[in-house]
Amino acid sequence: AGGEDGPGRQGCRGGAAREGRQAGEVHAAHRDTAPGSHARAAMTRAAFKALVAEAIDSIPPRFADHVRNVAIVIEDVPSPELLAEMDIEPPDTLLGLYVGTPLPERRWDHGNDLPDRVLLFQHPIEDDAEDDADVVGVIGETLIHELGHYFGLSEDEIMDIEERYWRGEPEPGDGRPEDGE
């Protein structure tokens, strides 16, 4: 994905990666669910931001403590252009997207860059949740997925972390990112 001229662009869907795009790494949490499948009143942005803060506190500390210079951005929905670029057709959609250069792919001169970004798409996350109480869990799993790409983890490694998250199991010491990253 990366190269001498900078990172390529890669979208991840269910473990399948497509390469050969341009400008910045892109990784996505993707669900095969129809929008509105859990129809309920949309929450306000302020209420959703509060749940994002709660979800951040719920992800494994050994994972979250090593994140540096990553902005979490909330958008209503992914744009039709982004969905088309990622080859995602309705009723499928994106819950989140990592845009940046994964830590293992950074060169020695990486710096003075804008922060990497994790985009959270509020409406698809709400639609994916069984109820309002489940929204925090969906946000947490989406954050774990996208931050896994930030750390350069494989889809299998990310899925293992997500499974432990859902079961409430502690993160084993051998899965911890190395100090200094």
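This report covers the nonpolar cores of a predicted model and the pairing of helices H5 and H6.

The largest nonpolar core has 27 residues, and those touching the most other members are Phe 48, Val 118, Leu 120, Ile 125, Val 135 and Ile 139.

Another core, of 9 residues, lies apart from the largest one and includes Ile 88, Leu 94, Leu 119 and Phe 121.

Leaving out residues up to four places away in sequence, Val 118 touches Val 70, Ala 71, Ile 72, Val 73, Leu 97, Tyr 98, Leu 143, Glu 146 and Leu 147.

The axes of H5 and H6 come within 9 Å and cross at roughly 150°. Because angles over 145 degrees count as roughly antiparallel, H5 is roughly antiparallel to H6. The crossing is right-handed. H5 makes the contact through residues including Val 136, Gly 140, Ile 144 and Gly 148, and H6 through Glu 155, Ile 158, Ile 161, Glu 162, Tyr 165 and Trp 166.

H6 has 13 residues and spans 18 Å from first to last C-alpha, close to the 18 Å expected at 1.5 Å a residue. Its buried residues are Glu 155, Ile 158, Ile 161, Glu 162, Arg 164 and Tyr 165. Just after H6, Gly 168 has a positive phi of about 75°.

Technical notes
Residues numbered from 1 in each chain as written. Predicted model: local features only at pLDDT ≥ 70, side-chain atom pairs only at ≥ 80, totals over all residues. Heavy atoms only, no water. Core = buried A, V, L, I, M, F, W, Y, C linked by side-chain atoms within 4.5 Å. Buried < 20%, exposed > 50% of the residue type's maximum accessible area, 1.4 Å probe, protein only. Contact = heavy atoms within 4.5 Å. Helix = DSSP H or I, 4+ residues; strand = E, 2+ residues; numbered from the N terminus. Expected span 1.5 Å × (residues − 1). Axes fitted to C-alpha atoms, helices over the stretch in contact; angles between N-to-C directions. Parallel < 35°, antiparallel > 145°, perpendicular 65-115°, else oblique. Left-handed = near helix turned anticlockwise from the far one by under 90°.
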